[in-house]
Amino acid sequence: MKLKLIVLIITLFTVSCTNTDYTISKISYEDNIKVQDSVGDIEIELIIKPFRNKIKTLEKTVGFSEESYSIRDGKLESTLGNLIADILYEESNPEFYKMTSKNIDFALFNYGGVRGTLNKGKITQHDLFTIMPWKNLATVVKIKGEKVVELVHYFNKENLAHPSTRLEIEFFNEKIKKILINKKQFNVNKNYYVLTSNFLQEGGDKMIFFKDPLEIYNLNLNLRDLLIKSMRNKKFIKSKLDNRIFRSK
Amino acid sequence: MKRRNFLKHIKTSTICGLTLPLTGLTSSSNKFKKITILHTNDVHSHIDPFPENDPINPNSGGVVARSNLINFIKKGNPNTLVLDAGDVFQGTPYFNFFEGEVELKLMSKMGYNASTLGNHEFDNGIEKLAKSLKHANFSFLNSNYTFKNTALENKISKYKIFNVDGIKIGVFGLGIELNGLVEKKLYTGINYLDPVEISIDITNELKFNHNCDLIICLSHLGFSYSKDKNIMCDLVLAKKTRNIDLIIGGHTHTFLEKPVQIKNLDDKNVLINQVGCFGINLGKIDFYFSDEKIKESSDNIKV
């Protein structure tokens, strides 16, 4: 008993003794360190290996890319964004037509939804998982012309290369100069069918113009699966900037 | 070239580290204590390094290289904390197929001490996130989300205090407003609270109730937003709070060359650092402490 008490007192004493206040006397840092070129770490490799083996099947080639395409190589459009929006439209429109006997007018996705780059040369499923990791599904909304105007203002304000197709916009001095949809003059009194993802339809990335549409059609198609399917069919992939959305001077 | 300089720097500090236990015996004569903070953010499931044909970051990143670097630095200074500022998940098939198990097992192995919840931690929903946490032997910290009646209740701490060589380090986490970033059904039940108010409360608690010597915020708010300077972000947080020494940021994938210094409400310096994304860079900041008592504690109280 007594011994226990003594131990307790000693412990309390040492605890209170170590309770010193320290002050920062100096902070030092250099440039953030680049992580690269390293020899193996066996224990780490052992953890990764079984998982890596299970996803090896994704290394199969689905197609070839003529050049490297990025989401960051333009201003209000990008080579990778154009490629992805074009493919998703081509793959989704027939499905939508089967469902409704109507065509989709244009498509809009989000800049943040495209990650990484499509490298020159062979394209694997793994690459496409990295570019579009999400579970997002192709969704078509029918929206009023006034919502399309909101969408165009959003583009103007965000000033990012959100992937789009069949939508052409020219801005001049922050003002809208021209809007074409599927090569036709935009009409604010018309309703439009827009292809997007279920995530954006719910107002993701502040695309609130998709939030309460006149009609919603869930095509139940994973966007990445559509990319994989299309590239398998096409085999050779190329893309370019075409001034679909731009600021004139 | 830069890396070689860095290694040289590490080697000298390793030699210093060897002499530490000796001086440690004569405790009070030990003038400085050095704490090293290593950190990452937005690694997004990048387990393997970038391929050699990657046009921007060939052979960069990867868990193996990061682990070696962390071990090397820790050998030089065992008094090191390894922290992360969220978005551990989502970005490679490792997450699509294994739902967080690989990332969390590897971070545990690498000796991470804490991380915070990024918006992409919710990509499989609250239940799956809660389940995946069993693979982590470190804490996920968040103080501005409410988790009551969700699967995450009691699984996320507001803050954690690390006692490293007698230095008390309080670490707390802040998350971004999930509305608009995550599908509603994936985070139902979680409410977002104002990061500034929460930070003021938490840092008071850490500094005055727990006597922390160093306060670090793991923030997934984003460094700053060019379209609107008033959007909540690390720059705003630093200016509108007190008692935070270091904000380790994330979300905006901002590749800072080195930490930036901002004045807080008390006109004291706050460091903010963010190392981009995908495990390409590692942040390293050394704090040196002297064991003199803070004489004017009243100085800290401002009404």
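**Exercise: burial along α7(A)**

List the buried residues of helix α7(A), then compare the span of α7(A) with the expected one.

*Solution.* This is a predicted model: local features need pLDDT of at least 70, side-chain atom pairs count only at pLDDT 80 or more, and totals for chains, interfaces and linings use all residues. Residues are numbered from 1 along each chain as its sequence is written, while chains are lettered from A and ligands numbered from 1 in the order in which they are written.

Helices (H or I, at least four residues) and strands (E, at least two) are DSSP runs, numbered from the N terminus. A residue is buried if 20 or more other C-beta atoms lie within 10 Å of its own, exposed if 12 or fewer, and partly exposed in between; C-beta atoms are placed from the backbone.

Step two: apply the burial test. A:L223, A:R224, A:L226, A:L227, A:I228 and A:M231 are buried in α7(A).

Step three: check the span. The expected value is 1.5 Å times one less than the number of residues. With 12 residues, α7(A) reaches 17 Å from first C-alpha to last, close to the expected 16 Å.

Step four: look past the end.

**Exercise: α3(A) against α7(A)**

Classify the crossing of α3(A) and α7(A) and name the residues that meet.

*Solution.* Two packed helices are described by the angle between their axes and the distance between the axes. Axes are lines fitted to C-alpha atoms, for helices over the stretch in contact; angles run from 0 to 180 degrees between N-to-C directions.

Step one: read the geometry. The axes of α3(A) (residues 79-100) and α7(A) (residues 223-234) come within 9 Å and cross at roughly 90°.

Step two: classify. Angles under 35 degrees count as roughly parallel, over 145 as roughly antiparallel, 65 to 115 as roughly perpendicular and the rest as oblique. The two helices, α3(A) and α7(A), are therefore roughly perpendicular.

Step three: list the contacts (C-beta atoms, placed from the backbone, within 7 Å). From α3(A) come A:I84, A:I87, A:L88, A:E90, A:E91 and A:S92; from α7(A) come A:L223, A:L226, A:L227, A:K229 and A:S230. The contact of α3(A) with α7(A) has six nonpolar, two polar and three charged residues. Here Ala, Val, Leu, Ile, Met, Phe, Trp, Tyr, Cys and Pro count as nonpolar, Asp, Glu, Lys and Arg as charged, and the others, Gly among them, as polar.

*Solution.* Step one: pairing needs at least two DSSP bridges between two strands.

Step two: follow one pair. β3(A) (residues 61-65) and β15(A) run parallel, joined by two bridges. A:S65 has A:I237 as its bridge partner in β15(A).

**Exercise: where chain A meets chain B**

How many residues does each chain give to the contact, and which helices of the two chains, α2(A) among them, pack together?

*Solution.* Step one: count. Chain A gives 49 residues and chain B gives 66. On the chain A side, β1 (23-29), β2 (33-34), α2 (42-54), α4 (125-131) and α5 (145-158) each supply at least two residues. That side divides into 15 nonpolar, 18 polar and 16 charged residues.

Step two: take the helix pair. α2(A) packs with α4(B) (residues 101-110) at about 175°, axes 10 Å apart. The helices α2(A) and α4(B) are therefore roughly antiparallel. A:E43, A:I44, A:I47, A:I48 and A:F51 meet B:V102, B:K105, B:L106 and B:K109. The contact of α2(A) with α4(B) has six nonpolar, no polar and three charged residues.

Step three: take the strands. β13(B) (residues 281-290) pairs antiparallel with β2(A) over two bridges; A:I33 has B:L282 as bridge partner. β1(A) pairs antiparallel with β13(B) over six bridges, and A:Y29 stands opposite B:I285. Within chain B, β1(B) (residues 32-40) joins β13(B) through eight antiparallel bridges. Seven of the 10 residues of β13(B) are buried.

How values were computed. Two residues are in contact if their C-beta atoms, placed from the backbone, lie within 7 Å.
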